[in-house]
Amino acid sequence: MCIRDSYNSGDGIHLNNAAHRVLFERMRDAVVPIVLSNDEVQISGNQIDFRLNNNYPNPFNPSTNISFYINSKSFVKLDIFNLLGQKVANLIDAEKNAGQHSVTFSAQGLSSGVYIYRIFVSDSDGKNYSDSKKMLLMK
């Protein structure tokens, strides 16, 4: 008798418990922790140091716009992750001037599903900020 790790039921590949355990153990170290937040970071009163806006349109196909605001010249990194925590794209990895910024994300070659976009901002005062939001690709 042969016990298989997976089988095809016609609607996709399904894993048995042993295969799930192996897959989890392989992914455990590769997963990037992601914290979702709708809060704006505020320092000293009502001054907003940075804000990550919702992407538009959402759901989207095949591209969407992601915008953010920073109040001072800062290093900005904007990445896209799948729900396994794997980075699928890097949109920005550079120093940006103060103000509103926007970038277009093209999801050509990606499958339908939920993706996370995460921003990391490091300003000249040494303060670090980050935020993440969800977006839905529907093909």
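The model is predicted, with local features requiring pLDDT of at least 70 and side-chain atom pairs counted only at pLDDT 80 or more, whereas totals for chains, interfaces and linings use all residues. Residues are numbered from 1 along each chain as its sequence is written, and side-chain values use heavy atoms, with hydrogens and water left out.

Of the 139 residues in the chain, 29% are buried; buried denotes under 20% relative accessible area, exposed over 50%, and partly exposed the range in between (1.4 Å probe, protein chains only). Contacts were defined by heavy atoms within 4.5 Å. Among contacts between residues at least 6 apart in sequence, 57% join residues at least 24 apart.

Four strands form an open sheet in the order β7-β6-β9-β10, with antiparallel pairing; two strands pair if DSSP finds at least two bridges between them. The edge strands, β7 (87-96) and β10 (128-137), each pair on one side only. From one strand to the next, the twist averages 15°, with axes taken as lines fitted to C-alpha atoms (for helices over the stretch in contact) and angles running from 0 to 180 degrees between N-to-C directions. Strand β9 (residues 113-123) is joined to β10 by ten bridges, and the two run antiparallel. Within this pairing, tyrosine 115 has methionine 135 of β10 as its bridge partner, and tyrosine 117 stands opposite lysine 133 in β10. The β9 and β10 strands form a hairpin with four residues between them, and glycine 126 in the turn has a positive phi of about 85°.

The largest nonpolar core comprises 22 residues, of which Ile66, Ile80, Phe105, Ile119 and Met135 touch the most other members. Such a core is a set of buried Ala, Val, Leu, Ile, Met, Phe, Trp, Tyr and Cys residues joined through side-chain atoms within 4.5 Å. Two or more residues are contributed by each of β4, β5, β6 (74-81), β7, β8, β9 and β10, and the largest share, four residues, comes from β9. Isoleucine 66, in strand β5, is buried with a relative accessible area of 0%. Leaving aside neighbours within four places in sequence, the contacts of isoleucine 66 include Leu52, Leu78, Ile80, Leu91, His101, Val103, Phe105, Tyr117 and Met135. The C-alpha atoms of isoleucine 66 and histidine 101 are separated by 8.4 Å, although these residues lie 35 residues apart along the chain. With the same exclusion of neighbours within four places, methionine 135 is in contact with residues including Asn55, Asn58, Phe60, Ile66, Ile80, Phe105 and Tyr115.

Two aromatic pairs are present in the structure. Rings of Phe, Tyr and Trp (its six-membered ring) pair if their centres lie within 6.5 Å; planes under 30 degrees apart count as stacked, over 60 as edge-to-face and the rest as tilted. The pair of phenylalanine 60 and phenylalanine 105 is edge-to-face because the ring centres are 6.2 Å apart and the planes lie at 65°. This pair links distant parts of the chain, with phenylalanine 60 in the loop between β4 (48-52) and β5 (63-70) and phenylalanine 105 in strand β8 (residues 99-106), 45 residues apart. Phenylalanine 60 is buried at 3% relative accessibility, as is phenylalanine 105 at 2%.

Most peptide bonds are trans. A cis peptide bond, however, joins asparagine 58 and proline 59, with omega about 5°, and the bond from asparagine 61 to proline 62 is likewise cis, with omega near 0°. Asparagine 53, in this loop, is buried with a relative accessible area of 19%. Beyond neighbours within four places in sequence, asparagine 53 is in contact with Ser67, Phe68, Gln100, Tyr117 and Lys133.
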